[in-house]
Amino acid sequence: MTRLATSLIALIASIALLVSGNAFLMTLLGLRLSMENFSTSLIGWILVCYSVGFTLGTVFAERVVERVGHIRAFAVFAAALAVTIQIYPLAVNAPLWAALRAFAGFAMAGLMIVMESWFSSRATNDNRARLFAIYQIVFFLSTASGQLLINVSSPENVFPFTLAAMLVTVAVIPLSLTRMHAPAVEDAERLSLISLYRISPVGVSGALVAGLLVNAFYAMAPVYADRIGLDTDRLSLFMASAIVGAMLLAWPIGRLCDRFNRRRVLMAVLAVAALTSAVIPFLGDTHAVVLIAVVGLYMGLSAALYPVSVAITNDQMPSHRITAASTTLLLAYGIGSCIGPVVAATAMDEFGPNGLFYSNTGFLIVLGVYLLYRLQHRADVPAEERVDYYTTSPQGGHHLYALDPRNTDFKPRGKSARAAGMRIGRTVFGAAGRAHAATRGR
């Protein structure tokens, strides 16, 4: 037990340092680009490259882990990410920064794969629900903490970039000093995106729109805050409020999803999120405190779209295929994350800073109309057939979903477990979904 606790402390420390450094960097880059007077659409194209790189990394970075092992892969990805961070202030150049963002996204995906597979390797059937919750809490708190670091120095200085690089580099130390064996990595069953959409169109659509909304906000909100005149102190609170809102609303929305029909809960979330998104443009910097509170509410609701979509999808899945479905929902979320910042940036170019929330309101309304259509054409899942609701974060890889308490096919992985090949890219759009093609689609 002592050894398990020690290894978990090391893992949690590495995750906290890495996630806080990366979250700090994302806000820092958006603010610096805005200060450099880049056009809003160009900022969107630069920052969306991170999402593209991350999505590709969730598919292909495991091949690096498979080839060199977890420890070496973690060191390689962390070193690569730290080097890219140090390059940013040396040359503020749009093509260079776009390439760096794509490379950083790929490296970050690799780091999350290593850490999550290590985290899941410490799980047993007795403790995996607790580990699943601990991971979510650590991720939220670390992301919020990273936003507050924007106050340490002006984004026009080199020091903030150095600090972000230091956090990423130091994250290697706790994990490297543990005596944990490298985890065995097993093949993951996959569903194609099309097959899963036929089973749960609302779930896939919700995950896609969640990616659009959340990543549009994190990419472009620093630009929005800078251009409406928020000072640095309030900007950091503005960004942190999004994370705090997601944490505070996770439990009550989860309770509602367990007590009431989940598609109708999703409709209520969409309606309130659309209303708050429509209100934000009228607040501006003259009502900064109210703005920060409403943004927290808006992002708390937007962040809830993904776990509610996961729950809706899992209601349609046999329990042993929950991990496969969750992995495919991550792909849908990733596709949305590659679209959202570009659309938001284009809207901001056309309508000014408030275009961010105009476009997001539009996405929420479109998903709401589609959900109304599905409610009229498909019956609800009976309450006795629904699975339990758990808050899930889409900001990692598929290894974490092995811990999902809804996954009854979970098998603890000891150090003697046979390592299997990680054939990811070949099966994402493959024929894995054939066995479940008959659908009660929602």
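Visitor: Why is Cys-49 called buried?

Guide: Cys-49 has 18% relative accessibility. Buried means under 20% relative accessible area, exposed over 50%, and partly exposed in between (1.4 Å probe, protein chains only). So Cys-49 counts as buried. This is a predicted model: local features need pLDDT of at least 70, side-chain atom pairs count only at pLDDT 80 or more, and totals for chains, interfaces and linings use all residues. Residues are numbered from 1 along each chain as its sequence is written, and side-chain values use heavy atoms, with hydrogens and water left out.

Visitor: What makes Cys-338 partly exposed?

Guide: The relative accessible area of Cys-338 is 23%.

Visitor: What lines the second largest cavity?

Guide: The lining is Met-26, Leu-47, Tyr-50, Ser-51, Arg-101, Asn-215, Tyr-218, Ala-219 and Pro-341. A cavity is a set of points on a 1 Å grid over the protein atoms alone where a 1.4 Å probe fits but cannot get out; lining residues have an atom within 4 Å of a point. This one holds about 90 Å³ of space.

Visitor: How do the lining residues of the second largest cavity divide?

Guide: Six are nonpolar, two polar and one charged. Ala, Val, Leu, Ile, Met, Phe, Trp, Tyr, Cys and Pro count as nonpolar, Asp, Glu, Lys and Arg as charged, and the others, Gly among them, as polar.

How values were computed. On a 1 Å grid over the protein atoms alone, a cavity is a set of points where a 1.4 Å probe fits but cannot get out, and a pocket is an open set with protein on both sides within 12 Å along at least five of seven lines; lining residues have an atom within 4 Å of a point. Grid points are joined across faces, edges and corners, and a volume is the space filled by probe spheres set on the points.
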